[in-house]
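Please keep the sequence and the model open as you read.

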Amino acid sequence: MATSLNLSSIFSSSRLVTTPSSVFPTRQRRRIILVTSSSSGGKPTILVTEKLGQAGIDLLKKYANVDCSYDLSLEELCTKISLCDALIVRSGTKVGRDVFESSRGRLKVVGRAGVGIDNVDLAAATEYGCLVVNAPTANTVAAAEHGIALLTAMARNIAQADASIKAGKWTRNKYVGVSLVGKTLAVLGFGKVGSEVARRARGLGMHVITHDPYAPADRARAIGVELVSFEVAISTADFISLHLPLTAATSKMMNDVTFAMMKKGVRIVNVARGGVIDEEALLRALDSGIVAQAALDVFTVEPPVKDNKLVLHESVTATPHLGASTMEAQEGVAIEVAEAVIGALRGELAATAVNAPMVPLEVLRELKPYVVLAEKLGRLAVQLVTGGSGVNAVKVTYASSRAPDDLDTRLLRAMVIKGLIEPISSVFINLVNSDYIAKQRGVKISEERMVLDGSPENPIEYITVRIANVESRFASALSESGEIKVEGRVKQGVPSLTKVGLFGVDVSLEGSVILCRQVDQPGMIGKVASILGDENVNVSFMSVGRIAPGKQAVMAIGVDEQPSKETLKKIGDIPAIEEFVFLKL
């Protein structure tokens, strides 16, 4: 077996290893192997620690010995796990490092019956060579139906009227609702659940708009949905339905600032994740009348505290995270996770894997800085996108002096996709699932090799990422053909940004980056550096690329901390600066 290296969570690994005939084998000679042999040599043993739909259990029993043991203590779980090849859990079982340690290397796969994997220690799973899979698709319709149920119940005050009449009251005038026909619904997040909500809302006679930078325009048109910018979506909607993953970019996306941009009297539904709403800000918006009503299935802390003001608010309809709670969805999740676990034990690569296979030590050592470069170029490029058209065509160019058979770019391609998609997605992108996730989101990735003359000592001279058919937040990032274009190199082991659009720059891809287009004149570097210094923002690198002396230039500034909005405004107010953008790495 080839020696392998765990390169942090980016390459989180199962016992999947590559056995090459050389450091850079040809595609014909490469084999991928998943080590799955059980210690007994017979049927594998699968431990199920929480109730799973019977259809899933029946499927598992056809392939393995199944031990259904519920409500195990941690000590009991650690004792049992050393005799098991696979473990299936829901959200109630914590699968931490001690569980993987207790497995003594026998545990090959953990299956999470559902989407979230917060209760599984991915780093420990990786370290102990265990694949982790989930079941992300089976509850789509159930979640969409619950979103529509909350939408209609909220509009007609169903919950409040029900509580009133059960209390012996008959107050018809108090619970006059609003009609859905002809109203505008903004669906934020046009993935599986969001698109299903849009279909159903269209059937109710609503005008549906959506914001999602990865939504394929043709899919939106086929459903009859208009793709718009985030600002247009929240400022024109009568109803807003949230279907966003909880990421650093979406955390508290619904806040005082965004509520202030909305129509007075807007109504909000959330069946996604509680953390995308700033709950204190929502309370203020409800009390002020900006938000007329809210229907919430999810909360920042679950279950919410007993006297939670949001839950008790008279204009809020609340349910206890019931999005996936239908009999059909539970059976579907059981089958999906059972199929994924069985497939992994058979040596198949699961598209629902949330950690990645291991890569030979020699390849990782050489490609490590280029892997970081690839992901950061993807992150930079996608942050430059604006407008409602969505990202659907991405081209990655590798410039190298090596022959194609001596350069394995699968890992680099996966990391570009990771950088493009993961910041606004709940999925984990890795070598196993990157192409599947990109295709699922309508993002077409094409690759190009540029063969250079010279020594093949370095595997890659530079990587270029282009995004076509989109608008840019920073016009200077556009190439001659109108694509967003960023280019980077590895310099002395450090990934660096070397080109933005037509402008050459030189800034280390550490921390974050500020890009400014300016009139090329003396003193500009000092002015910007002075503003950042006054605000105690440390500058790591600064470079300027220009077309010609005295004309336009682009200044790239690497910063260790995120500048405040006030600091960025001061930079933008410098008369010679024509446009600027802050990009978080």
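The side chains of Arg-402 and Glu-366 are joined by a polar contact of 2.7 Å. A polar contact is a pair of N or O atoms within 3.5 Å; within protein, one must be able to donate a hydrogen and the other to accept it, and residues adjacent in sequence count only if both atoms are side-chain atoms. This is a predicted model: local features need pLDDT of at least 70, side-chain atom pairs count only at pLDDT 80 or more, and totals for chains, interfaces and linings use all residues. Residues are numbered from 1 along each chain as its sequence is written, and side-chain values use heavy atoms, with hydrogens and water left out.

**Two buried arginines**

- Arg-402 sits in the loop between β16 (393-400) and α15 (410-421). Helices (H or I, at least four residues) and strands (E, at least two) are DSSP runs, numbered from the N terminus.
- Arg-402 has a relative accessible area of 13%, so it is buried. Buried means under 20% relative accessible area, exposed over 50%, and partly exposed in between (1.4 Å probe, protein chains only).
- Arg-466 lies in strand β18 (residues 462-467). Its relative accessible area is 18%, so Arg-466 is buried.
- The side chain of Arg-466 makes a polar contact of 3.2 Å with that of Thr-397.
- Beyond its neighbours within four places in sequence, Arg-466 is in contact (heavy atoms within 4.5 Å) with residues including Val-394, Lys-395, Thr-397 and Glu-483.

- Strand β5 (residues 86-89) is covered on both faces. Ala-86 and Ile-88 are buried on one side, Leu-87 and Val-89 on the other.
- In a regular strand the side chains alternate between the two faces of the sheet.
- β5 pairs with strand β3 (residues 45-48) in the parallel sense, over three bridges. Two strands pair if DSSP finds at least two bridges between them.
- Ala-86 in β5 stands opposite Ile-46.
- β5 also runs parallel to strand β6 (residues 109-112), joined by four bridges. Gly-111 in β6 is the bridge partner of Ile-88.
- From β5 the chain passes through helix α3 (residues 97-103) to β6, a right-handed β-α-β crossover. Right-handed means that, with the strands pointing away from the viewer, the path from the first strand over the helix to the second runs clockwise.

**The seven-stranded sheet**

- Seven strands form an open, parallel sheet in the order β10-β9-β8-β11-β12-β13-β14.
- β10 (226-227) and β14 (316-318) are at the edges, each with a single partner strand, so one side of each has no neighbour in the sheet.
- Four bridges link β11 to strand β12 (residues 266-270) in the parallel sense. Ile-240 stands opposite Ile-268 in β12.

**Helix α7**

- Gly-194, Ser-195, Glu-196, Val-197, Ala-198 and Ala-201 are buried in α7.
- The buried residues of α7 pack against α5 (140-155), β8 (184-188), β9 (207-211), α8 (217-223) and β11 (239-242).

- Ala-338 belongs to helix α13 (residues 327-345). Its relative accessibility is 0%, so Ala-338 counts as buried.
- Ala-338 and Leu-60 are 278 residues apart in sequence, yet 6.1 Å apart in space, C-alpha to C-alpha.
- Leaving aside neighbours within four places in sequence, Ala-338 is in contact with Gly-56, Leu-59 and Leu-60.
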